[in-house]
Structures are given as C-alpha cells and as structure tokens.
Amino acid sequence: QVQLVESGGGLVQPGGSLKLSCAASGSIFSRSAMAWYRQAPGKQRELAALITSGGITTYVDSVKGRFTISRDNAKNTVWLQMNSLKAEDTAVYYCKREGFPAYWGRGTQVTVSS
C-alpha cells in the first residue's frame, strides 16, 4: 500500500510562488514515475508535470518555464515549485504515483488571487 500526502498549498497573489510537497510511503517510490495533476473548478483533472524514476520531466504547455518538478528518492518526496503564478493556476493539486496500480493523494488547494 502506498500513501501520498501533499502539503504546501495556500493563497498567493498573482506573480507569487509556492512549493508543493508530496511525501510517499512504501518502498516502490524510487522505481515509480510521479506526477502532479490539477483540477480547477468545473474542469477536468489535468496533468501538470511528471518526473520519471530516472529524473526525466514533462510539463503541460501552460506551466512550462514556470513550474519545476523534482524528487528525492532518499526522502520519498516529490516537489512542485510554482513560480509566476497566475489566476488560472488556481486548482486542487494532486500527487500521483503513476503505474499499475496508480495511487493518488488527497490534494492540496492552491488559490491565486489578489
């Protein structure tokens, strides 16, 4: 069983920064691709960023150049550094362990507003 616990969300002004953390339990973390998804009100959940077990990263176009995903396998943790935040980044952000079976965290709210 894998448990994922997100933290670091909150209210930030446009142009500001936040860093999300996802702490994972279980021994499979280092072998797993990890991802951050987000779901804005009234919209479908979308992939924001992904990092493979080997450290290769992928981003949705709307966050490229502003968000950075990283991981530390020794700490079983994946982060999402979010800079130059915009109102349209407002969403619940979820950590996910990719693969079968997939595991999801419960999410953390990010609100970008002045």
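Rings of Phe, Tyr and Trp (its six-membered ring) count as a pair if their centres lie within 6.5 Å, with planes under 30 degrees apart called stacked, over 60 edge-to-face and the rest tilted.

What you have open is a predicted model, so local features need pLDDT of at least 70 and side-chain atom pairs count only at pLDDT 80 or more, while totals for chains, interfaces and linings use all residues. Residues are numbered from 1 along each chain as its sequence is written, and side-chain values use heavy atoms, with hydrogens and water left out.

**Stop 1: the aromatic cluster**

Select Tyr-37, Tyr-94 and Trp-104, which ring pairs link into a cluster. Now look at Tyr-94 and Trp-104: they sit edge-to-face, 6.3 Å centre to centre, with 85 degrees between the planes. The pair links distant parts of the chain, Tyr-94 in strand 9 and Trp-104 in strand 10 (residues 103-104), ten residues apart. Strands here are DSSP runs (E, at least two residues), numbered from the N terminus.

Is Tyr-94 buried or exposed? Tyr-94 is buried, at 13% relative accessible area, whereas Trp-104 is partly exposed at 36%. The cut-offs are under 20% for buried, over 50% for exposed and partly exposed in between (1.4 Å probe, protein chains only).

Keep Trp-104 selected and show its contacts (heavy atoms within 4.5 Å). Not counting residues up to four places away in sequence, Trp-104 touches Leu-4, Tyr-37, Arg-45, Tyr-94, Cys-95 and Lys-96. Then pick Val-2: its C-alpha atom is 8.9 Å from that of Trp-104, though the two are 102 residues apart along the chain.

**Stop 2: the disulfide**

From Trp-104, step to its contact Cys-95. Which residue does Cys-95 join through a disulfide? The partner is Cys-22, with S to S at 2.1 Å. Cys-22 lies in strand 3 and Cys-95 in strand 9, so the pair ties together parts that are 73 residues apart in sequence. The count comes to one disulfide, taking a disulfide as a pair of cysteine sulfur atoms within 2.5 Å.

Turn the view to look along the S-S bond: the link of Cys-22 and Cys-95 is left-handed, with -80 degrees about that bond. Cys-22 is buried, at 0% relative accessible area, and Cys-95 is buried with 0% too.

**Stop 3**

Switch to cartoon and find the open sheet of four strands, in the order 1-3-8-7 with antiparallel pairing. Strand 1 (4-7) and strand 7 (67-72) stand at the edges, each with a single partner strand, so one side of each has no neighbour in the sheet. From one strand to the next, the twist averages 15 degrees; such angles run from 0 to 180 degrees between N-to-C directions, with axes fitted as lines to C-alpha atoms.

Walk across the sheet from strand 1. Strands pair if DSSP finds at least two bridges between them.

- Strand 1 to strand 3 (residues 18-24): four bridges, antiparallel. Pick Leu-4, whose bridge partner in strand 3 is Ala-24.
- Strand 3 to strand 8: six bridges, again antiparallel. Here Leu-18 stands opposite Met-82.
- Strand 8 to strand 7: six bridges, antiparallel. Thr-68 stands opposite Gln-81.

Strands 7 and 8 form a hairpin with four residues between them. In that turn, select Asn-76, which has a positive phi of about 50 degrees.

**Stop 4**

Colour strand 8 by burial: five of its six residues are buried, so the strand is largely enclosed by the rest of the structure. Zoom in on Met-82 and leave aside its neighbours within four places in sequence; its contacts include Leu-18, Leu-20, Phe-67, Tyr-93 and Val-110.

Next, bring up the largest nonpolar core, which has 27 residues. A nonpolar core is a set of buried Ala, Val, Leu, Ile, Met, Phe, Trp, Tyr and Cys residues joined through side-chain atoms within 4.5 Å. Which members touch the most other members? They are Leu-4, Trp-36, Ile-69, Val-78, Leu-80, Met-82 and Tyr-93. Among the elements giving two or more residues to this core are strand 4 (34-39), strand 5 (46-51) and strand 11 (108-112). Strand 3 gives the most, with four residues.

**Last stop: Lys-64**

Finish at Lys-64, in the loop between strand 6 (57-59) and strand 7. Lys-64 is partly exposed, with a relative accessible area of 49%. Its C-alpha atom is 19 Å from that of Ser-21, 43 residues away along the chain.
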